[in-house]
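Visitor: I would like to go through this protein with you, piece by piece. Could you put it on the screen first?

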Amino acid sequence: MAIYAIGDVQGCHSELMALLERLAFDPARDRLWFAGDLVNRGPDSLAVLRFVRGLGERAVVVLGNHDLHLLALATGNRKHAGKSTLGAVLDAPDRDALLDWLRHRPLLHHDAALGYAMVHAGLAPQWDLAEAIDCAAELEGVLRGPRHRDFLRAMYGNQPARWSGALRGTERWRFITNAFTRLRYCTADGTLALKEKGALGAQSPGLLPWFQVPGRRSAASRILFGHWSTLGYRAGDNTWALDSGCLWGGALTAVRLDPEGPSAPIQLDCRGYLRPGKGD
C-alpha cells in the first residue's frame, strides 16, 4: 500500500486524473491525502468533489479556505461570491450530500503511526501539535453541529490576529479558521499577517513564514500543507509545502509518505486556468 499526499486541486479534475495515472494509483490498495482546496476557480469542482467523496475511506481531505467558502456560499453568505466558480456545485442534484460530506471533513489530520500531520495552510506558532489537534476538534464540532450556519455567516475577517487561550466564541473560531486555512506569514510574536501572500523572500519587513517563526512549538512535528502557490513545492523546517499552483499554470504535486520521510515530489505540469494574482 502507498499513501500519497496531494496539493491544492481547486477544481482541476483532468489534471488530478492524469496525476493519479502517473502515480499508478490503485484504489483497492493505495490511499490519498488531500491538503485542502478541492474546489473553486478551476473548471470542474463538481467532478472533483464527486470523485474524492466516492473514494470513501481511501481519501483523507482537510478543509481549505475555498472549501469553507463553498460552505459559506451555501448558507447564503455572499461575501466574495463574485470570485467563485462554484455554481455547478450549488446547482447540482446531489449538492446536499456533497456539502454535508465536505462539512464533515477535518481541519487537521494526524497519523501518529506514520508520523505526519496535514493541514491546509499552517499552525499558529503558539500551538504545539497537541493544542492544534484540540483546536481543530473544537472547530470541527462547530462546523458539524447545529451552529455551523451561524459561524459560516460570520467567518470572514482578519481579526483577532494573535492567539490567546482566552478567546471565546466566534472570535476564537475565526482565529482557528484563519490559522488552519489562510496563514502564510506571521510576525516574530506569532501575529498573523493574512494580507501578505507573496513568494518567500518578497515579504514585507518584519514578517516570517509561519514555519520559521523562532520558537514555533510544532517544530518537532512533520507537517504537510498546501495553500501557498507562490511558495511552490518546498521541503524544509520539518514541513512540506505541496501547493505548486496547478490552477495558475504550475504543477499538481504529490509525495509518497513513507515512515522515514516523504519521497521526492511527483509533479504534473498544468496548463493553468487563471493568471497569477493576489487572491487566496
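Visitor: Let us start with Trp-127: is it buried or exposed?
Guide: Trp-127 is buried, and its relative accessible area is 0%. Here buried means under 20% relative accessible area, exposed means over 50%, and partly exposed lies in between, with a 1.4 Å probe and protein chains only. Please keep in mind that this is a predicted model, in which local features need pLDDT of at least 70 and side-chain atom pairs count only at pLDDT 80 or more, while totals for chains, interfaces and linings use all residues. Residues are numbered from 1 along each chain as its sequence is written, and side-chain values use heavy atoms, leaving out hydrogens and water.

Visitor: Where does Trp-127 lie?
Guide: Trp-127 lies in the loop between β5 and α6, the latter covering 129-144. Such labels are DSSP runs numbered from the N terminus: helices are H or I with at least four residues, and strands are E with at least two.

Visitor: And what does Trp-127 touch?
Guide: Leaving aside residues up to four places away in sequence, Trp-127 touches Ala-132, Cys-135, Trp-163, Phe-175, Ile-176, Ala-179, Phe-180, Arg-217 and Ser-218. Contact here means heavy atoms within 4.5 Å.

Visitor: How many residues separate Trp-127 from Leu-99 in sequence?
Guide: They are 28 residues apart in sequence, and from C-alpha to C-alpha they are 29 Å apart in space.

Visitor: Changing topic: at what angle do α2 and α5 pack?
Guide: Helix α2 (residues 45-54) and helix α5 (residues 95-103) pack at about 65 degrees, and their axes are 11 Å apart. That makes α2 roughly perpendicular to α5. The axes are lines fitted to C-alpha atoms, for helices over the stretch in contact, and angles run from 0 to 180 degrees between N-to-C directions. Angles of 65 to 115 degrees count as roughly perpendicular, under 35 as roughly parallel, over 145 as roughly antiparallel, and the rest as oblique.

Visitor: Which residues make that contact between α2 and α5?
Guide: From α2 come Leu-46, Leu-49, Arg-50, Val-52 and Arg-53, and from α5 come Ala-97, Leu-98, Trp-101 and Leu-102. Of the residues in this contact, seven are nonpolar, two are charged and none is polar. For this count, Ala, Val, Leu, Ile, Met, Phe, Trp, Tyr, Cys and Pro are nonpolar, Asp, Glu, Lys and Arg are charged, and the others, Gly among them, are polar.

Visitor: How do β4 and β5 run?
Guide: β4 and β5 (residues 116-118) run antiparallel and are joined by three bridges. The bridge partner of His-109 in β5 is Met-118.

Visitor: What about the sheet with three strands?
Guide: Its order is β7-β6-β8, it is open, and its pairing is antiparallel. β6 (residues 185-186) pairs with β7 over two bridges, and Cys-186 has Leu-192 as its bridge partner in β7.

Visitor: Finally, what is the phi of Asp-37?
Guide: Its phi is near 55 degrees, a positive value in a residue other than glycine. Asp-37 lies in the loop between β2 and α2 and is buried, at 1% relative accessible area. Asp-237, which is not a glycine either, has a positive phi of about 60 degrees. It lies in the loop between β10 and β11 (239-241) and is partly exposed, at 34%.

Visitor: What kind of peptide bond joins Gln-159 and Pro-160?
Guide: The bond is cis, with omega at about 0 degrees. Pro-160 lies in the loop between α7 (148-154) and α8 (169-181).

Note on methods: Two strands pair if DSSP finds at least two bridges between them.
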